[in-house]
Amino acid sequence: MTERIEVTSDQDVVRVRQLVRTVAVSAELSLVDQTKLVTAASELARNTLVYGGGGTVEISQVGNGRRAGIRIVFTDHGPGIPDPDLALTDGYTTGRGLGLGLGGARRMVDEFDIDTVVGQGTSVTVTKWCR
Ligand SMILES: Nc1ncnc2c1ncn2[C@@H]1O[C@H](COP(=O)(O)OP(=O)(O)OP(=O)(O)O)[C@@H](O)[C@H]1O
Ligand SMILES: [Mg+2]
């Protein structure tokens, strides 16, 4: 099952945090992993809002019989990211942040993918596996 949140305001970012926490608890992630996933989701949802001009967050429980996890997809139709490797560099920002969101989020999950096209938008997919 996939839960979907439209992100167009700060309050929606709060809702993303709350829903990710709830799903992480029900998937029996450890407390530390819950917090890592919530923190990553918060940063990515904020980027969707601030740079992407809003978008959607889709949260699913995934599994293949051998392991279970949570996958979250952040999608926007904003300007895209011209150089994703640069954007992932700690300290790089085009805004007013610290430039730590993307790199920090990547370190807090098990799988991290950016699919972005300049002029079309950005989709970031993260997965955290239960251990
Ligand atoms: N969804 C997005 N669409 C377009 N550009 C993005 C998107 N997400 C990130 N970026 C670009 O990548 C840069 C780095 O993002 P990152 O989250 O690491 O830092 P930040 O948002 O600038 O600051 P912080 O997250 O520390 O407050 C952003 O400044 C922005 O230029
Ligand atoms: Mg950010």
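# Questions on a predicted fold

Student: Is Ser 60 buried or exposed?
Tutor: The relative accessibility of Ser 60 is 16%. Buried means under 20% relative accessible area, exposed over 50%, and partly exposed in between (1.4 Å probe, protein chains only). At 16%, Ser 60 therefore counts as buried.

Student: What kind of model is this?
Tutor: Residues are numbered from 1 along each chain as its sequence is written, chains are lettered from A and ligands numbered from 1 in the order in which they are written, and side-chain values use heavy atoms, with hydrogens and water left out. Local features need pLDDT of at least 70, side-chain atom pairs count only at pLDDT 80 or more, and totals for chains, interfaces and linings use all residues: this is a predicted model.

Student: Which residues are in contact with Ser 60, leaving aside its neighbours within four places in sequence?
Tutor: Ser 60 sits in strand β2 (residues 55-63). Contact means heavy atoms within 4.5 Å. Leaving aside neighbours within four places, the contacts of Ser 60 are Met 1, Thr 2, Gly 69, Ile 70 and Arg 71.

Student: What pattern does the protein follow along the sequence?
Tutor: Helices (H or I, at least four residues) and strands (E, at least two) are DSSP runs, numbered from the N terminus. The protein has four helices and five strands. Read along the sequence, they give β-α-α-β-β-α-α-β-β.

Student: What radius of gyration does the protein have?
Tutor: The radius is taken over C-alpha atoms, and the globule rule is 2.2 Å times the number of residues to the power 0.38. With 131 residues, a compact globule would come near 14 Å. The protein agrees with that, because its own radius of gyration is 14 Å.

Student: How many of the nine residues of strand β5 are buried?
Tutor: Across the 131 residues of the protein, 44% count as buried. Strand β5 (residues 121-129) is mostly covered. Of its nine residues, the buried ones number eight.

Student: How many bridges join strand β3 to β5?
Tutor: Two strands pair if DSSP finds at least two bridges between them. Strand β3 (residues 68-76) and β5 run antiparallel. One bridge sets Phe 74 against Val 124 in β5. The bridges joining β3 to β5 number eight.

Student: Which residue in the turn between β4 and β5 has a positive phi?
Tutor: Strand β4 (residues 111-117) pairs with β5 in the antiparallel sense over seven bridges. Val 117 stands opposite Gly 121 in β5. The two strands form a hairpin with three residues between them, and the turn residue with a positive phi, about 85°, is Gly 119.

Student: Which residues does Val 124 touch, not counting those up to four places away in sequence?
Tutor: Val 124 lies in strand β5. Its relative accessibility is 5%, so Val 124 counts as buried. Beyond four places in sequence, Val 124 touches Leu 44, Ile 72, Val 73, Phe 74, Phe 112, Asp 113 and Ile 114.

Student: What C-alpha separation do Ala 40 and Ala 105 have in space?
Tutor: Ala 40 lies in helix α2 and is buried, at 1% relative accessibility. Not counting residues up to four places away, Ala 40 touches Ala 105, Met 108 and Val 109. Ala 40 and Ala 105 are 65 residues apart in sequence, yet their C-alpha separation in space is 4.2 Å.

Student: What is the relative accessible area of Thr 48?
Tutor: Thr 48 is found in helix α2 (residues 31-50). Not counting residues up to four places away, Thr 48 touches residues including Gly 53, Phe 74 and Asp 76. Thr 48 is buried, with a relative accessible area of 3%.

Student: Is Glu 28 buried or exposed?
Tutor: Glu 28 is found in the loop between α1 (10-26) and α2. Its phi is near 65°, a positive value in a residue other than glycine. With a relative accessible area of 68%, Glu 28 is exposed.

Student: How far apart are the mean positions of the positive and negative charges?
Tutor: Lys and Arg count as positive and Asp and Glu as negative; His and the chain ends are not counted. Each charge is placed at NZ of Lys, CZ of Arg, CG of Asp or CD of Glu. For the 14 positive and 16 negative charges, the mean positions are apart by 5 Å.
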